[in-house]
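Please look over the sequence and the structure below before reading on. The notes that follow are grouped by topic.

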Amino acid sequence: MYRFLLTPRWWGINVFAVLAIPLCIFMGSWQLSRFEDRVQSHQQQEDRSARAKAAAARPLERLLPVDTVTSGRQASARGHYDTAHQLLVPARTLKDKHGERQGFYVLDLLRTDGGKALPVVRGWLPGDAGAKADTAKVPAPPKGEVTVTGALQASENQGTDGVQAGGGLPRGQLGMISAASLVNIVPYGVYDAWITQTDPQAPLHAVPPAAAEGSGLDLKAFQNLGYTGEWFVFAGFVVFMWFRLFRRDAEAAKDAALGIVPEGDGGDDGTGDGAGVSVVASVSGGADRGDGPADGRGGGPGAGRGEEQGEAARAGQA
């Protein structure tokens, strides 16, 4: 009854199912492992951030370049602020015990003894970076040589939250904290990193360090989790469709073995409908003739009329 499984059509279905199901399971498992790696990386980054807050600050040069290990570490740098190039970073959100508040970063450039400048986010203020009433609250940077300590951060990019990479900002504002953005603003070199000051000057609020890119539970991590579910759903769908097709063809083969022809399905040689009509006619004739013979030669009234009609037809041909 299951010989239909050996047909070319079912060979193709079986080969597709055998290849598709393991592939879907493999891809789902791979996406799940990617999500687990991101969760583990996020936990490690939080542990490093907690240890970095308690650890002593290290010189900036020893922590460069910034990577997932050095990001968030306490760094120190010595130099003097460039008071002629104080910048405001607008539309930045600060999350604290009061919830999420909109404001702006206050960024100054620390000219180090090495010649390059280090961008330092001295703190955050609520309000609008374009409103004079709000910017008037910004304290002036300290004068003279100072030592600055803060959490080391990698340069921002277009995918960083809050970044305004489109340009068009007023003079004195900066949309993205990076060496590439500052190269056309200041006439000296800038480190490809920045720090957020740990103990800002009042009324500035400290900006908490962000997790290193690719180490947090960001949108990409939850995309991996979503793709995991999709691949496993695809595997289940292939199994479901295989059993559905198998059940349909098995029922059709069983009906054929019992001599049951679906309504409207005749033989390829055109004899299917005739056989059906013959069966119906035979049954009907048997009902009209009672218990007479099925070949029409019995003594019933139906048989007599059939012989009379045959003789009339032969006489007309003659």
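Which residue forms a salt bridge with arginine 122? The partner is aspartate 108, and the closest N and O atoms of the two are 3.0 Å apart. The model is a predicted one, and the protein has 318 residues.

**Overall build**

- The protein contains seven helices and seven strands.
- Read from the N terminus, the order of the elements is α-β-α-β-β-β-β-α-β-α-β-α-α-α.
- Of the 318 residues, 31% are buried.
- Among contacts with a separation of 6 or more, 68% are between residues 24 or more positions apart.

**Confidence of the prediction**

- The average pLDDT of the protein is 80, and 77% of the residues score at least 70.
- Strand β5 (residues 117-126) has the highest mean pLDDT among the elements, at 96.
- Helix α6 (residues 271-289) has the lowest, with a mean of 40.
- Over residues 267-307, pLDDT stays under 50. For this stretch the model has eight contacts beyond four places in sequence.

**Salt bridges**

- The structure has seven salt bridges, including the one between arginine 122 and aspartate 108.
- That pair links distant parts of the chain: arginine 122 is in strand β5 and aspartate 108 is in strand β4 (residues 99-112), 14 residues apart.
- Arginine 122 has a relative accessibility of 2%, so it counts as buried. Aspartate 108 has a value of 0%, so it is buried as well.
- Another salt bridge joins aspartate 249 to arginine 9, with their closest N and O atoms 2.7 Å apart.
- Here, too, distant parts of the chain are linked: aspartate 249 lies in helix α5 and arginine 9 in helix α1, 240 residues apart.
- Aspartate 249 counts as buried because its relative accessibility is 13%, which is under the 20% limit. Arginine 9 has a relative accessible area of 41%, so it is partly exposed.
- Arg9 and Asp249 also belong, together with Arg248, to a network of salt bridges.
- Lysine 95 and glutamate 100 form a salt bridge through their side chains, at 3.6 Å from N to O. Both lysine 95 and glutamate 100 are exposed.

**Aromatic rings**

- Eight aromatic pairs are found in the whole structure.
- One of them is tryptophan 10 with phenylalanine 246. The ring centres are 6.5 Å apart and the planes stand at 90 degrees, so this pair is edge-to-face.
- Tryptophan 10 belongs to helix α1 (residues 8-54) and phenylalanine 246 to helix α5 (residues 219-257). The two residues are 236 residues apart, and their pairing links distant parts of the chain.
- Tryptophan 10 counts as buried because its relative accessibility is 1%.
- Tryptophan 242 and phenylalanine 243 make another edge-to-face pair, with 5.1 Å between the centres and 85 degrees between the planes.
- Tryptophan 242 has a relative accessibility of 22%, so it counts as partly exposed.
- Phe4, Trp10, Trp242, Phe243 and Phe246 belong to one aromatic cluster.
- What sits over the ring of tyrosine 188? The charged end of arginine 111 does, at 3.9 Å from the ring centre.

**Two loop residues**

- Threonine 70 is in the loop between α2 (60-63) and β2 (74-81).
- The relative accessibility of threonine 70 is 11%, so this residue counts as buried.
- Apart from residues up to four places away in sequence, threonine 70 touches Leu63, Pro65 and Leu152.
- Isoleucine 185 is in the loop between α4 (179-182) and β7 (193-197).
- Is isoleucine 185 buried or partly exposed? Isoleucine 185 has a relative accessible area of 33%, so it is partly exposed.
- Beyond its neighbours within four places in sequence, isoleucine 185 is in contact with His85 and Leu174.
- Isoleucine 185 and glycine 172 are 13 residues apart along the chain, and their C-alpha atoms are 9.5 Å apart.

Definitions and conventions
Residues numbered from 1 in each chain as written. Heavy atoms only, no water. Phe/Tyr/Trp six-rings, centres within 6.5 Å; stacked < 30°, edge-to-face > 60°. Helix = DSSP H or I, 4+ residues; strand = E, 2+ residues; numbered from the N terminus. Buried < 20%, exposed > 50% of the residue type's maximum accessible area, 1.4 Å probe, protein only. Lys NZ or Arg CZ within 6 Å of the ring centre and 35° of its normal. pLDDT = per-residue confidence, 0-100. Contact = heavy atoms within 4.5 Å. Salt bridge = Lys/Arg side-chain N within 4 Å of Asp/Glu carboxyl O.
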